[in-house]
Amino acid sequence: MADGWRWDETLFEGTAAHYERGRLPYAPGYAGTLAAALGLDGRSRLLDVGCGPGIVTLATAPFVGEAIGLDPDPGMLAEARRRAERRGVRNVRWVAGRAEDLPGDLGVFQAVVFAQSFHWTDRDRVAATVLRMLPPGGAFVHIGEVQGPPPPVYGEIGELVRRYLGPVRRAGRGVLVNGTPGREDLVLARAGFGAAERVVVPAGETVTRTADDLVAWTFSRSDAAPHLFGDRLAAFEHDLRALLGEGAFPERLPATEIRIWRPMPHTYAHVHTEEADDAQ
Ligand SMILES: C[S@@+](CC[C@H](N)C(=O)[O-])C[C@H]1O[C@@H](n2cnc3c(N)ncnc32)[C@H](O)[C@@H]1O
């Protein structure tokens, strides 16, 4: 969990409607690359934790028998359900909850995936739980973006957000004085996972974003979620649109970074022996 910050259910409130349009897509083919790296097949089960509107859940569903998306935000899950129905994807299930609620009764998964979501969780506790949810050969997967320097317009949007919401990054009802935590490698080592396998899927393409795309990007973020502006939301959007004008904003798509951790063999044996002892 980020230093001095407490999770609450307003973290992504109201962002779901803006998510798909606002966020840049993961690199083409990343789901197939992940499936090949993990050896997934039609019998595999995959859990996408912090699934948001189901972008990774739906992309990976064709490579597995069942994909489950877990998220605490009802708006995100509603959007995920709509997207699955629109695409006619049947082998997905959506579950409301936090990573900290795992394992629940969800069972065992060949892959437990966190795409831009692990930093919002109680990471040590969640990594230890995930370890117990993996069968031999199962994997903890972290998906993120490899970003180059952002185009200057993002700095200008950030300036405007700070003028409205204050100098310290907002997150739910709290603030993130030191931003969100990194160094997942240390967390996973502490939990008993081995060294990471890292795969970078290149995107390489430039897209041109419109003002509407960048408004959606702003409102898709936890630090500028619509509810944070209260009764100044319309004024903020007005100023944001004035800043963006009729501009067209070229941007290079980020590469997608996939990191895969598997339990160290001795940890795995230890955890499952303890469970067998508990059952006696
Ligand atoms: C930046 S979005 C990523 C969405 C999606 N994984 C993707 O990559 O498109 C982060 C998501 O994590 C979810 N989240 C936040 N805290 C969480 C927690 N403690 N447990 C599970 N999910 C959480 C949010 O509701 C949000 O949908």
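**Exercise 1.** Among contacts in the protein chain between residues at least 6 apart in sequence, what percentage join residues at least 24 apart?

*Solution.* The model is predicted: local features need pLDDT of at least 70, side-chain atom pairs count only at pLDDT 80 or more, and totals for chains, interfaces and linings use all residues. Residues are numbered from 1 along each chain as its sequence is written, and side-chain values use heavy atoms, with hydrogens and water left out. A contact means heavy atoms within 4.5 Å. Of the contacts between residues at least 6 apart, 83% join residues at least 24 apart.

**Exercise 2.** Determine how the rings of Phe114 and Phe140 are arranged, and where the two residues lie.

*Solution.* Step 1: rings of Phe, Tyr and Trp (its six-membered ring) pair if their centres lie within 6.5 Å; planes under 30 degrees apart count as stacked, over 60 as edge-to-face and the rest as tilted. The structure holds 14 aromatic pairs.

Step 1: the ring centres of Phe114 and Phe140 are 4.9 Å apart and the planes stand at 15°, so this pair is stacked.

Step 2: strands are DSSP runs of E with at least two residues, numbered from the N terminus. Phe114 belongs to strand S4 (residues 111–115) and Phe140 to strand S5 (residues 139–146); the pair, 26 residues apart, links distant parts of the chain.

Step 3: Phe114 and Phe140 are both buried, that is, under 20% relative accessible area with a 1.4 Å probe, protein chains only.

Terms used:
Helix = DSSP H or I, 4+ residues; strand = E, 2+ residues; numbered from the N terminus. Buried < 20%, exposed > 50% of the residue type's maximum accessible area, 1.4 Å probe, protein only.
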